[in-house]
Amino acid sequence: MMLKTEDIDQVKAKKYGEPVIEIKGVYKSFGSNHVLKDFNLTINRGENVVVLGKSGCGKSVLIKCIIGLLTYDAGSIKVLGNEVSQLPIEELDILRARIGFVFQSSALYDSMTVRENLEFPLRRHGKHKSKSEIQDLVEETLKDVGLLNAINFMPSELSGGMRKRIGLARSLILHPEIMLYDEPTTGLDPITSSEIINLMLNVQKKYNTTSITISHDMHCARVTGNRLAVIVNGVNYADGTYNELSTLNDPQTHPFFE
Amino acid sequence: MENPPKIDPVDESAELKGSFFDNIPKSLFEFLNEAGEISRFAGKFFKQVFLPPYELKEVLKQAFEIGYRSLSLVAITSFIIGLVLTLQSRPTLVEFGAEAWLPSMVGISIIRELGPVVIALICAGKIGSSIGAELGSMKVTEQIDAMEVSGTNPFKYIVVTRILSTTLTIPILIIIGDAVALYGSYLAVNIRGSVSFTLFFKQVFDSLEFSDVVPAFVKTFFFGFAIGLIGCYKGYNSKKGTEGVGRSANSAVVIGSLLVFIIDLIAVQITEFFGFL
């Protein structure tokens with residue numbers, strides 16, 4: 001379903017609640033490569049922030065630190081009030097159930113069908129659910145991404161765009177409060193890319209999610225982001241709306257908006 | 001202007017200076033480092049294998065994938081081994097007038113040594129490479145990360161289940177392979193002579209003792225464990241990119257095969273020490 005311009009405006013114009021992600025003074029290095037240096041960013045409930053930056057500047061590292069896939073060297077990342085680095089694994093798993101992560105490569109399990117891919121997080125996080133409840137949830141989520149007919153397909157039978165949509169469906173199935181998108185439109189043709197962007201907007205509208213999107217796609221950034229953050233040399237160099245940043249005459253940020 | 005001092009880019013004598021660790025050749029250092037990492041990986045397996053959840057469904061699924069899908073390859077190669085060993089041994093035994101010992105000789109060779117080692121090597125090639133490549137590609141395509149995000153301990157779900165499966169199914173494959181190899185030997189005996197099925201197998205089992213069967217069977221569990229461990233270690237620690245997946249599969253086969261021989265060597269020493277040989 002394509003969203004109308006007024007729907008997009010409605011999604012973008014809502015008021016924001018309390019901070020749900022607070023990143024303060026985060027450092028992360030890989031050997032001598034200092035990726036994040038005193039990085040700061042706060043995201044409020046309902047906000048959709050797009051993080052921009054050159055390849056290898058640490059955008060994906062940032063969201064992997066947020067979800068606890070990578071540990072940071074110093075600083076603080078609080079997600080829904082929890083300090084990620086200090087959570088024991090059981091509590092981190094509970095927190096992760098409230099966060100959806102859409103991987104750059106979709107990361108669908110090759111040995112499982114689409115149905116099994118969607119059932120996997122449900123069986124792990126939602127053990128109390130009955131078989132029929134799980135089936136209903138899987139079908140409902142696949143309907144949301146328009147791929148109910150692919151329920152018994154293997155990932156190898158899906159196109160790039162379909163894989164992204166299934167990846168999105170799998171991360172949505174637990175109805176997360178926060179969505180983390182790692183380059184959701186990279187490698188897709190403009191039409192499929194627009195479909196994914198519309199899906200992201202639908203998700204924001206239907207589930208009222210807070211999101212961080214890592215992207216190089218300025219169309220995606222403009223349409224899905226209430227706010228943009230630009231990483232330069234490991235720090236949050238510029239932070240503002242699309243219009244604010246696009247009018248900045250700064251040599252570090254200007255190339256993104258050309 | 002004074003010329004700067006000339007520095008030899010590969011100054012081998014410089015390697016002898018410095019601390020003790022600086023003097024270890026790079027290849028030896030890498031080997032020791034790798035051995036240490038594999039030991040740590042094995043330690044993590046033993047730590048996690050006894051902790052819930054036990055993922056029994058996945059163990060059974062992997063056992064089917066590993067065992068059932070390798071059965072035809074194991075059966076064909078075992079049959080050929082039994083057949084060829086008998087055909088090659090027969091002329092020499094005939095020369096010494098010991099043709100009647102053919103079933104006993106072939107039986108002991110297959111049960112004690114040839115069956116377990118050759119089938120383990122085949123498994124190291126087929127199963128080790130498939131585990132290495134599968135886990136390597138899972139790592140490269142972020143499936144392992146996705147599993148972690150889904151509230152699953154990927155080490156437990158992927159590694160522990162596969163190592164358990166290889167440890168349990170490779171001994172079964174070896175038992176089946178031994179039986180097929182003996183049947184191949186029976187057919188080979190009957191190409192030139194005429195021995196009944198019952199007489200052939202009576203001669204085989206009469207010549208076998210407890211000390212032939214038990215150590216040979218026990219070492220197959222170690223073969224299975226080593227093949228699973230190396231396949232998982234190489235795949236789980238695969239470097240990014242498709243080249244890394246290929247390297248993981250390749251080194252899983254090489255190191256797995258080498259470990260089969262090393263375990264066999266240790267098993268022979270232990271059985272000799274306890275007076276089984």
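**Exercise 1.** Determine what percentage of the contacts in chain A with a separation of 6 or more links residues 24 or more positions apart.

*Solution.* Two residues are in contact if their C-beta atoms, placed from the backbone, lie within 7 Å. Among the contacts of chain A with a separation of 6 or more, 68% join residues 24 or more positions apart. The model is predicted: local features need pLDDT of at least 70 and side-chain atom pairs pLDDT 80 or more, whereas totals for chains, interfaces and linings use all residues. Residues are numbered from 1 along each chain as its sequence is written, and chains are lettered from A and ligands numbered from 1 in the order in which they are written.

**Exercise 2.** Compare the radius of gyration of chain A with that of a compact globule.

*Solution.* The radius is taken over C-alpha atoms, and the globule rule is 2.2 Å times the number of residues to the power 0.38. For 258 residues a compact globule would have a value near 18 Å; chain A has 18 Å, which agrees. Along the principal axes, the C-alpha atoms of chain A fill a box of roughly 55 × 45 × 35 Å.

**Exercise 3.** Classify B:Asp206 as buried or exposed.

*Solution.* A residue is buried if 20 or more other C-beta atoms, placed from the backbone, lie within 10 Å of its own, exposed if 12 or fewer, and partly exposed in between. B:Asp206 counts as exposed because it has 11 C-beta neighbours inside 10 Å.
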